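Biologist: Hi! Could you walk me through this model?

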Amino acid sequence: MADNSNPGTLNDNSERLFSFGVIADIQYADLEDGYNFQGSRRRYYRHSLLHLQGAIEDWNKESSTPCCVLQLGDIIDGYNAQHKTSEKSLELVMNTFKMLKVPVHHTWGNHEFYNFSRDYLTRSKLNTRFLEDRIVHHPETIPSENYYAYHFVPFPKFRFILLDAYDLSVLGVDQSSPKYQQCMKILREHNPNTELNSPQGLSEPQFVQFNGGFSQEQLNWLNEVLTFSDTNQEKVVIVSHLPIYPEASDSVCLAWNYRDALAVIWSHKCVVCFFAGHTHDGGYSEDPFGVHHVNLEGVIETAPDSQAFGTVHVYPDKMMLKGRGRVPDRIMNYKKEKALDF
C-alpha cells in the first residue's frame, strides 16, 4: 500500500506554485586563492565567478523557470577596494548576471560597503528597488529612502521582503555624519576591543564592525508590511544579508539587534521563511513560531569541484529547497494554520 505520510519528495510536481533561486557571498575578486580573516578557511576569489556562471546556466535550464533569484549580499570581495578594482569587478559580475533569464534582487552586505559608499550603491545596478511592489492606499508600507529595503509579490498571496541589515552600521557612511557617530557609539558601548572586528571577550559577539543592524524606522516599516500581510492572509519570505536567529548561525554573524527583528516577526503569523548569507558555513533552524531560518553556504568558500546555490520550490503547504553542492536539500513545512487553500 502506498505510504501517504511522506511529506513529499523534491521532484514532487503535483501542485508547485512557483520557484525562486538563492545564492550568497560570491565575493568575486581577480585574485589567487586566499584565506579568511583567521587564516583557517580557503577562499576561491577567481573561481566564484565560474560558480555563478554554473548557477545561472542551471537556473536557465530548469523545467519550471524560477520567477527570480535572490542574491543575498557580498557580491564582490573587499580586497577589490585595496586593489582599486571595485567597479571593474562589479561590472564583471553584473555582466555575468545578465545571462540570467529572470530578475535578480540584490541584498547589500558588508563587502558592498568595503567597496562603495551607501550613496554609490543607491545609484548603482545593485539597487533593485525598482522591482518593488506598492500596496495602494497603504502609504505606511512604502519604505523610506533612509534604508535600502522593499517588498514585492512574485506570486499571488506571497510577499517577499528585502531588509537592510546595515541600516545601522559604521560601514559605507560618511564619518562626519550623525548616523556614523550614533552607530559608532552603539558599537563601542558593546565592544571595548581596539580591533572592532574582533569579538574576543564579548558577551554579545555580534557587536563587531563587519555586522550592522536595523533602525527603529525600518523595523516599524517591517511591522506595517507584516500587518498588511497578516490581514490579507499572505505568506512572507524575508531576505537579509545578516541572519537573525542564533540557533541557525554562528553568534559572531548575527545582526546587532537581531532580537528586535525577531520580536517584530514573531508578533505576526505570516512569516514562513528568513533567508540570509554572511555565515559562509550555512545553517538552518526552525524557530518556535514556525519560521524557517536558512543561512546559505557561501560561494566564496566553495571548492572548484563543488557548488553553492539552490532553487526553492513553493507549494501551498511547504517550501522545498533543492540545494546544489554544499547547499543541502530541505523540506520546510508551514505551520498547520499557515497552509494555504488553493
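Biologist: How many helices and strands does the chain have?
Modeller: Eight helices and 14 strands, taken as DSSP runs numbered from the N terminus (H or I, at least four residues, for helices; E, at least two, for strands). This is a predicted model, where local features need pLDDT of at least 70, side-chain atom pairs count only at pLDDT 80 or more, and totals for chains, interfaces and linings use all residues. Residues are numbered from 1 along each chain as its sequence is written, and side-chain values use heavy atoms, leaving out hydrogens and water.

Biologist: Thanks! How much of the chain counts as buried?
Modeller: 59% of the 342 residues, with buried meaning under 20% relative accessible area (1.4 Å probe, protein chains only).

Biologist: What does the C-alpha trace span?
Modeller: About 65 × 45 × 40 Å along the principal axes.

Biologist: Now helix α8, which of its residues are buried?
Modeller: In α8 (residues 258-266) they are Y258, A261, L262, V264 and I265. They sit on the same side of α8, because their arc around the axis is only 160°, going by the directions from the helix axis to the C-beta atoms.

Technical notes:
Buried means under 20% relative accessible area, exposed over 50%, partly exposed in between (1.4 Å probe, protein chains only).
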